[in-house]
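I opened a structure I had not seen before. These are my notes, in the order I looked things up.

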Amino acid sequence: MTVITKNIKIICCITLGIFFWVLPCPPVYGEYVGSETYGYTLDLPEGFVLTASSGNGSGYQLEHTFYPVDIVLRIYDAATYESAEKAMNSTLIKLSASAETSTVSWRNTESVISLFSMTIPGTYIPCKGWGICIPLPEEKGFFTMLAYAEDRGNAPDSPFFLYEPLILSALDAVHIDRGSFYSSGPVTTFAFPSDDEIPVTLDINSVPIETTICASDTEAAQFLIEREFFVLKLFADTPLWAEAWQRYYRQIYRDSYGRLKKPAFDIYAALYGQLQGETTADKRKALLSTLLHWTQQMPYERSTETGDFAPLPAVLTGQSGSDCDSRALLLAILLKQMNFDTVLFISPVYSHALLGVAANGMKGARIAVNGTDYLLSETTASVEPGLVAEDIAVTENWMPVVFP
């Protein structure tokens, strides 16, 4: 483990020359933003405001509305540098920054991540931050992003010390292709690179299912949950709490999707041929009911110490108890990989979560999202899809979390 990797992992234990033309820009709230020209997308934490732009879309500067964290984003032409490492080093040299830089293999690219220190030009303010540089597909350039805050050393009020998880969450929020919406971000991938597969036996509907997960999947998922829970809590008493809550689940969904891909395939292969039904629609209904019943029988457990959310690889394998939202999100991911359209419904009024599935031909309670009716499914009571208790049935009290 390199020193820089160790620094990233410790965060959860502790807390759990670029020029711009200024343009009037709105806050970046609760939605994906990005560039069609360069092909990247960001799912930033809420509250970042775009304060400057290069005009041609190759450079941006953002600052946070509530917290002293800044972001600089720049796309360098692919012909300018030979590698992401050289692009990053050039950026750091222009800023007179000192840094520890390491490589990370992400999305089939040789990318880099840096922990840097600098003094803001024209001031005497010392800053510290993290940066990433990623080659974009089709040689569209090098995506370079720095996020930083004032550094007061080991002082407990040091902004970098206080908001480092927010910084790392922002850097981990980049997508450079369609597949990166369904795999861990560059920061988490760097901290927890792929390792050995370990065998797992699942028991679903009395059918033993042999599959595998990575040995580090549970630890990596827990790392992300704790980091994103820290970020979520920053918005608990702000007008952005709802958007922050939705993003929290999107980050977990994205990170866990790839970790559950092999189990989802093996579950489908083992169960589908044994399900009763004369038509494909009948078998899909049976598959939904079978998997829902499986999660309903899982041990119930809550823990408000770590985000009240269990790492999904541990829930899948029975190494951890689970709550309504972890079960519903587990099913949302598994069923998505079986070609179901799924969403997560959460309710601050009921302190509860439900799975939503676009299941035509099945009767029951539904909520429409973006023109699609989603059948509600309860993961903590032994009931069939579509059955929801009357005391939690007011649709206005449910908030959807929509996934890519």
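This is a predicted model: local features need pLDDT of at least 70, side-chain atom pairs count only at pLDDT 80 or more; totals for chains, interfaces and linings use all residues.

Residues are numbered from 1 along each chain as its sequence is written, and side-chain values use heavy atoms, with hydrogens and water left out.

Cys-127 has 4% relative accessibility, so it counts as buried. Cys-324 has 5% and is buried too. My cut-offs are under 20% relative accessible area for buried, over 50% for exposed, and partly exposed in between, with a 1.4 Å probe and protein chains only.

**Helix pair**

Next I took helix 5 (residues 217–234) and helix 6 (residues 241–259). Helices here are DSSP runs of H or I with at least four residues, strands are E runs of at least two, and both are numbered from the N terminus. The two helices pack at an angle of about 170°, their axes 10 Å apart. Helix 5 is therefore roughly antiparallel to helix 6 (the term needs an angle over 145 degrees). Axes are lines fitted to C-alpha atoms, for helices over the stretch in contact, and angles run from 0 to 180 degrees between N-to-C directions.

Which residues meet? On helix 5 they include Leu-224, Ile-225 and Phe-229, and on helix 6 they include Trp-245, Tyr-248 and Ile-252. Contact means heavy atoms within 4.5 Å. The residues of this contact divide into 11 nonpolar, one polar and five charged. Ala, Val, Leu, Ile, Met, Phe, Trp, Tyr, Cys and Pro count as nonpolar, Asp, Glu, Lys and Arg as charged, and the others, Gly among them, as polar.

I stopped at Tyr-248 in helix 6. Tyr-248 is buried, at 3% relative accessible area. Tyr-248 and Phe-229 lie 19 residues apart in sequence and 7.1 Å apart in space, C-alpha to C-alpha.

Last, I traced an open sheet of five strands, ordered 16-17-15-14-18, with antiparallel pairing. Strands pair if DSSP finds at least two bridges between them. Strand 16 (366–369) and strand 18 (399–401) are the edges. Strand 14 (residues 342–347) pairs with strand 18 over three bridges. Phe-345 has Pro-400 in strand 18 as its bridge partner. Helix 10 (residues 324–336) packs on the sheet, touching strand 14 and strand 15 (352–357).

How values were computed
Angles under 35 degrees count as roughly parallel, over 145 as roughly antiparallel, 65 to 115 as roughly perpendicular and the rest as oblique.
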